[in-house]
Amino acid sequence: MQQANELKAFFSACIEENTHSLYTLALRLTGNAADAEDLVAESVAKAWSVIGSLQDRQRFRPWIFRILHNRFISDYRKKSVRPAETHYTELDKSEDLSLI
């Protein structure tokens, strides 16, 4: 139990120390504040879920930044694969419909 509390305290302190830098990178990657905030939140949640994979606590900063970067790339790929939405407007009744 004490080890779990120490891990939570370590993680919280590291996140607090790096939040501004994470947000700055996320803002540069996404281009807008809302998406940057979402990216940071998702990255922190992902980092916590895989905290056991962090082998060297001294490498927390590059580890969390890599998670954020990979998350951005993954989201970017998902968005680029999805076809763009097409909005059809009503045809004017006077238009020639014989071409359709």
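This report describes the fold, the nonpolar core, the aromatic rings and a few individual residues of a predicted model.

## Basis of the description

The model is predicted, and local features are considered where pLDDT is at least 70, side-chain atom pairs count only at pLDDT 80 or more, and totals for chains, interfaces and linings use all residues. Residues are numbered from 1 along each chain as its sequence is written, and side-chain values use heavy atoms, with hydrogens and water left out.

## Overall architecture

The chain has three helices and zero strands, and its elements follow the order α-α-α from the N terminus. Helices (H or I, at least four residues) and strands (E, at least two) are taken as DSSP runs and numbered from the N terminus.

Of the 100 residues of the chain, 22% count as buried, where buried means under 20% relative accessible area, exposed means over 50%, and partly exposed lies in between, with a 1.4 Å probe and protein chains only. The chain exposes about 8000 Å², of which carbon and sulfur atoms supply 52%; these areas come from the Shrake-Rupley method with a 1.4 Å probe, and for residues only the protein chains shown count as cover. A contact requires heavy atoms within 4.5 Å, and among contacts between residues at least 6 apart in sequence, 61% join residues at least 24 apart.

## The nonpolar core

A nonpolar core is a set of buried Ala, Val, Leu, Ile, Met, Phe, Trp, Tyr and Cys residues joined through side-chain atoms within 4.5 Å. The largest one holds 20 residues, and Phe11, Phe60, Trp63 and Ile64 touch the most other members. Helix H1 (2-30), helix H2 (33-49) and helix H3 (60-81) each supply at least two residues of this core, with the largest share, seven residues, coming from H3.

Ile64, when neighbours within four places in sequence are left aside, is in contact with Ile15, Leu22, Ser43 and Ala47. Ser43, which lies in helix H2, is buried with a relative accessible area of 1%. Not counting residues up to four places away in sequence, Ser43 touches Ile64, Ile67, Leu68 and Arg71, while its side chain reaches the backbone oxygen of Leu39 at 2.7 Å. That approach falls under the rule for a polar contact, namely a pair of N or O atoms within 3.5 Å, where within protein one must be able to donate a hydrogen and the other to accept it, and residues adjacent in sequence count only if both atoms are side-chain atoms.

## Aromatic rings

Rings of Phe, Tyr and Trp (its six-membered ring) pair if their centres lie within 6.5 Å, and planes under 30 degrees apart count as stacked, over 60 as edge-to-face and the rest as tilted. By this rule there are five aromatic pairs. The rings of Phe60 and Trp63 have their centres 5.6 Å apart and their planes at 50°, so this pair is tilted. Phe60 and Trp63 are three residues apart in helix H3, and therefore separated by about one helical turn; Phe60 is buried at a relative accessible area of 2%, and Trp63 also counts as buried, at 16%.

Ring pairs link Phe10, Phe11, Trp48, Phe60 and Trp63 into a cluster. Arg57 lies over the face of Phe10, at 4.5 Å from the ring centre, the criterion being that NZ of Lys or CZ of Arg is within 6 Å of the ring centre and within 35 degrees of the ring normal.

Asn18 lies in helix H1 and counts as buried, at 3% relative accessibility. A polar atom of the Asn18 side chain lies 2.8 Å from the backbone oxygen of Cys14, and, with neighbours within four places in sequence left aside, Asn18 is in contact with Phe60, Arg61 and Phe65. Leu7, likewise placed in helix H1, counts as partly exposed at 24% relative accessibility. Leu7 touches Trp48, Ile51 and Arg57, residues up to four places away in sequence not being counted, and the C-alpha atoms of Leu7 and Ile51, 44 residues apart along the chain, are separated by 8.7 Å.

Phe72 lies in helix H3 and is buried, with a relative accessible area of 17%. Phe72 touches Leu29, Thr30 and Leu39, again not counting residues up to four places away in sequence; Phe72 and Thr30 are 42 residues apart in sequence and 8.0 Å apart in space, C-alpha to C-alpha.
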